Amino acid sequence: MITFSGYLLLIFVISAIGGMFPLIRGWSKNNIRLIVSFGVGVLFGSCFFYMLPEITEPLGSSVGIPILIGFFVIYILEKFVMVHSCEEDVCDVHTIGLSAFLGISFHSLIEGMSMGAGFLVKDIGIIIFLAIVVHKFPSALSLTGILMHSGYKKAKIIKLVLIFSLTTPIGAFISFFIFKSLHESVLAWAIGISSGTFLYIASSDLLPFVHQHHPRKFYNLYSLALGVSLMWIGKYFL
């Protein structure tokens, strides 16, 4: 019988493996494009198959508010806060990596809080655990691909991947051992804000990269479709 801590350890290991996988060997720019495109699919799939259906009922007609907040929070951070005194194209790429890390990690933290609350209150923690595991590996894989595309050094990527891998266990411990109960509407707002950050990162920062003029751009589109498909399969068949 796996303990609650054992489930969290498995999530950490799966996330770390997914994040380290692209670093094992050298990757060409074409392969990095494919990974980033796959990551776009994962982000869209996470939003539309997992997050938005989860918050529609508890938030009702207010469902769009936290999504809009999350969307513009990342927009403001990118365009007005995370500004560097360097050439514009370099900075834009760098902030894409940072905003993607923040958005994906925040979502991962909320996932952990959902899992902790599920084990504590609804007794559906194992189901939530399986849902998290299904897309944790591709999420970590896509995060590393985005960071590689953004020009981060290998050592920096490893640190960020390890931090990302810890966010779900930290979120689970917060809700399971500290809050003891997490109000449904509060959790729904947090998920909505997180989904807004995903939508901005995927549509504004990364999607143009998928379809920019390039001889292999249709392969990028296929990779994006694969990411979406895997998220859909995880939602309805696992």
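**Exercise 1. In which helix is the place of Ser 165, and is Ser 165 buried or exposed?**

Solution. Before starting, note that this is a predicted model in which local features need pLDDT of at least 70 and side-chain atom pairs count only at pLDDT 80 or more, while totals for chains, interfaces and linings use all residues. Residues are numbered from 1 along each chain as its sequence is written, and side-chain values use heavy atoms, with hydrogens and water left out.

Step 1. Ser 165 has its place in helix H6, where helices are DSSP runs of H or I with at least four residues, strands are runs of E with at least two, and both are numbered from the N terminus.

Step 2. Ser 165 is buried, because its relative accessible area is 0%; buried means under 20% relative accessible area, exposed means over 50%, and partly exposed lies in between, with a 1.4 Å probe and protein chains only.

Step 3. A polar atom of the Ser 165 side chain lies 2.8 Å from the backbone oxygen of Val 161. This pair is a polar contact, that is, N or O atoms within 3.5 Å, where within protein one must be able to donate a hydrogen and the other to accept it, and where residues adjacent in sequence count only if both atoms are side-chain atoms.

Step 4. Leaving aside neighbours within four places in sequence, Ser 165 is in contact (heavy atoms within 4.5 Å) with Phe 12, Ser 15 and Ala 16.

**Exercise 2. Which residues touch the most other members of the largest nonpolar core?**

Solution. Step 1. A nonpolar core is a set of buried Ala, Val, Leu, Ile, Met, Phe, Trp, Tyr and Cys residues joined through side-chain atoms within 4.5 Å. In the largest one, which has 47 residues, the members touching the most others are Val 40, Leu 43, Ile 55, Ile 157 and Leu 206.

Step 1. The elements that give two or more residues to this core include helix H2 (29-59), helix H4 (88-122) and helix H7 (184-211), and the largest share, 15 residues, comes from H2.

Step 2. Val 40 has its place in helix H2 and is buried, because its relative accessible area is 0%. Beyond neighbours within four places in sequence, Val 40 is in contact with Ala 202, Leu 206, Leu 207, Val 210 and Leu 224. The C-alpha atoms of Val 40 and Leu 206 are separated by 6.6 Å, although these residues are 166 residues apart along the chain.

Step 3. Leu 43, with neighbours within four places in sequence again left aside, is in contact with Ile 104, Phe 198, Ile 201, Ala 202 and Leu 206. A second, separate core has nine residues, including Phe 4, Tyr 7, Phe 129 and Phe 176.

**Exercise 3. Why does Ser 195 count as buried, and what does its side chain reach?**

Solution. Step 1. Ser 195 lies in helix H7 and is buried because its relative accessible area is 0%.

Step 1. The side chain of Ser 195 reaches the backbone oxygen of Gly 192 at 2.6 Å.

Step 2. Not counting residues up to four places away in sequence, Ser 195 touches Cys 47, Met 51, Leu 52 and Ile 67.

**Exercise 4. Is Leu 9 buried or exposed?**

Solution. Step 1. Leu 9 lies in helix H1 and counts as exposed because its relative accessibility is 53%.
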